[in-house]
Protein chains: 2
Amino acid sequence: MTGTLRIVGLGPGAEGLITPDAQAAIDAATDIVGYIPYVKRIAPRPGLTLHASDNRVEMDRAAHALSMTAEGKHVVVVSSGDPGVFAMAAAIFEALEGRPDWQALDIEVLPGITAMLAAAARIGAPLGHDFAAINLSDNLKPWEEVTRRLRHAARGGFAMAFYNPRSKSRPHQFGEALAVLKEELPGSVPIFFARAVTTPDEAIRTVTLDEAKPEMADMRTVVLVGTAATRAVGRFHYTPRSVPEAGV
Amino acid sequence: MTGTLRIVGLGPGAEGLITPDAQAAIDAATDIVGYIPYVKRIAPRPGLTLHASDNRVEMDRAAHALSMTAEGKHVVVVSSGDPGVFAMAAAIFEALEGRPDWQALDIEVLPGITAMLAAAARIGAPLGHDFAAINLSDNLKPWEEVTRRLRHAARGGFAMAFYNPRSKSRPHQFGEALAVLKEELPGSVPIFFARAVTTPDEAIRTVTLDEAKPEMADMRTVVLVGTAATRAVGRFHYTPRSVPEAGV
């Protein structure tokens, strides 16, 4: 029996945003591996084993999934959103390094609707022009590298999406990130706090950069930052496709 | 009869990547509006009128969709990928400006799998860390603004995805973009030319920045650019989640 590993994105939360390809992989699986709240989204059924693990054990989880695949199981690793955006795909490939036996396995990544795009859709089109996606967590990179990237994104005129803006173990960094943005961008730039998008807990709050406060974000929030050109039209906000000759 | 406007992303091409929400909107539509090749992806049926239009008429198309919605039709505007990523959503909101009557219409954006994430999934996880999405077309922004953004993205250590890298009417810009990247990044950085991802015409080519040539891209190609840290593992490439203390 030849195992398979599918690294699947479940989208932001709504059933209607799970792709048919992702659903088919889940339906064919013998084993589901992932972070506890994502595994909870999978319906139990006979013949399917659910392996839920805690946060911050990505490498153990990746090795476990690969090891079961090598044993012939049909393994699906689930992430919220898209598996390639600050999620499990990179961890799986990291775990493949130095294991040529595992590298020959039947592995595929199946994309999903990532949180920033689901949030943008609710807001209008705030990422309607060039944008940068930044993981604000400094668990795996120096905080100075995060702020350096924020400055380049702001100076480049990019709209931005922040993943993992704030958690219990990192309560202060997001305030520092906002302070950096306030140095680089007009205070009138709109910021969107999109929490639990497309779930029953969804809450979207729009403020200006001047009004933004760290406690508006938590670990279920994706934060979108407009550019100086982002504007309201009716109940929506969008970033125009055009950039005038003078630049932003 | 109250009209509805749904701004829908069809994903990159594969049927299995069209979300159930997008399919439901298409199934409920009376009118489909979009660029010719995207409207071709919609199956004709009685009661459904297909309105296909040429490229570069986004504002006419947006006004037409809004006008039919105001008449009570159930209109779906289709884009490839995600409608909020260099696609029709921003054009619709632009067309809403100065039309308070249209702003009260029932309008929703439904996200889709955008090309860069489908391409990344095929490659491994090249966007596995912070990344920037850049529209290389200078139809609506000065070319100098494009190159300025390329430099900020490169200096910030972002992986990159380029949409609209090259077309018949803009044959030279992509070569200039590659020249800018060669000034800013090591020549060993991997570049991925992902053409017609998830369609029968799919072709993915991986080269180094030193080897990259403008003619490797056409208007159906999304180009992904790794960082200095992006590396191969087996048949995949990925950008590690970690950034060492010294920075990239």
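1. Domains of chain A. The assignment, which comes from an automatic or database source, divides chain A into domain 1 (4-113) and domain 2 (116-238). The model is a predicted one, in which local features need pLDDT of at least 70, side-chain atom pairs count only at pLDDT 80 or more, and totals for chains, interfaces and linings use all residues. Residues are numbered from 1 along each chain as its sequence is written, while chains are lettered from A and ligands numbered from 1 in the order in which they are written.

2. Contact between the domains. Taken over C-alpha atoms, the centres of domain 1 and domain 2 of chain A are 28 Å apart. Seven residues of domain 1 of chain A are in contact with 10 residues of domain 2 of chain A, where contact requires C-beta atoms, placed from the backbone, to lie within 7 Å. The side of domain 1 of chain A that touches domain 2 of chain A has six nonpolar residues, one polar and no charged. In this classification Ala, Val, Leu, Ile, Met, Phe, Trp, Tyr, Cys and Pro count as nonpolar, Asp, Glu, Lys and Arg as charged, and the others, Gly among them, as polar.

3. Helices α3 and α4 of chain A. The axes of α3(A) (residues 58-70) and α4(A) (residues 88-96) come within 9 Å and cross at roughly 65 degrees. That angle makes α3(A) roughly perpendicular to α4(A), a label given to angles of 65 to 115 degrees. The crossing is right-handed, meaning that the near helix is turned clockwise from the far one by less than a right angle. From α3(A), A:E58, A:M59, A:A62, A:A63, A:A65 and A:L66 meet A:M88, A:A91, A:I92, A:E94 and A:A95 of α4(A). By class, this contact has nine nonpolar, no polar and two charged residues.

4. Just after α4(A), A:G98 takes a positive phi of about 75 degrees.

5. Helices α7 and α8 of chain A. α7(A) (residues 143-155) and α8(A) (residues 173-184) pack at an angle of about 30 degrees, with their axes 10 Å apart. The two helices are therefore roughly parallel to each other, the term for angles under 35 degrees. Their crossing is right-handed. The contact joins A:W143, A:T147, A:L150, A:R151, A:A154 and A:R155 of α7(A) to A:Q173, A:E176, A:A177, A:V180, A:L181 and A:E184 of α8(A). Its residues divide into six nonpolar, two polar and four charged.

6. Residue A:A120. This residue lies in α6(A) (residues 115-123) and is buried, with 32 other C-beta atoms within 10 Å. Not counting residues up to four places away in sequence, A:A120 touches A:A125, A:P126, A:L127, A:L224 and B:G84. A distance of 8.8 Å separates the C-alpha atoms of A:A120 and A:A194, which are 74 residues apart along the chain.

7. Interface of chains A and B. In total, 59 residues of chain B are in contact with 59 residues of chain A. Among the elements of chain B that give two or more residues to this side are α1 (20-27), α4 (88-96), α6 (115-123) and α7 (143-155). The side of chain B that touches chain A comprises 31 nonpolar, 16 polar and 12 charged residues.

Terms used
Axes fitted to C-alpha atoms, helices over the stretch in contact; angles between N-to-C directions. Helix = DSSP H or I, 4+ residues; strand = E, 2+ residues; numbered from the N terminus. Parallel < 35°, antiparallel > 145°, perpendicular 65-115°, else oblique. Contact = placed C-beta atoms within 7 Å. Buried ≥ 20, exposed ≤ 12 C-beta atoms within 10 Å, placed from the backbone.
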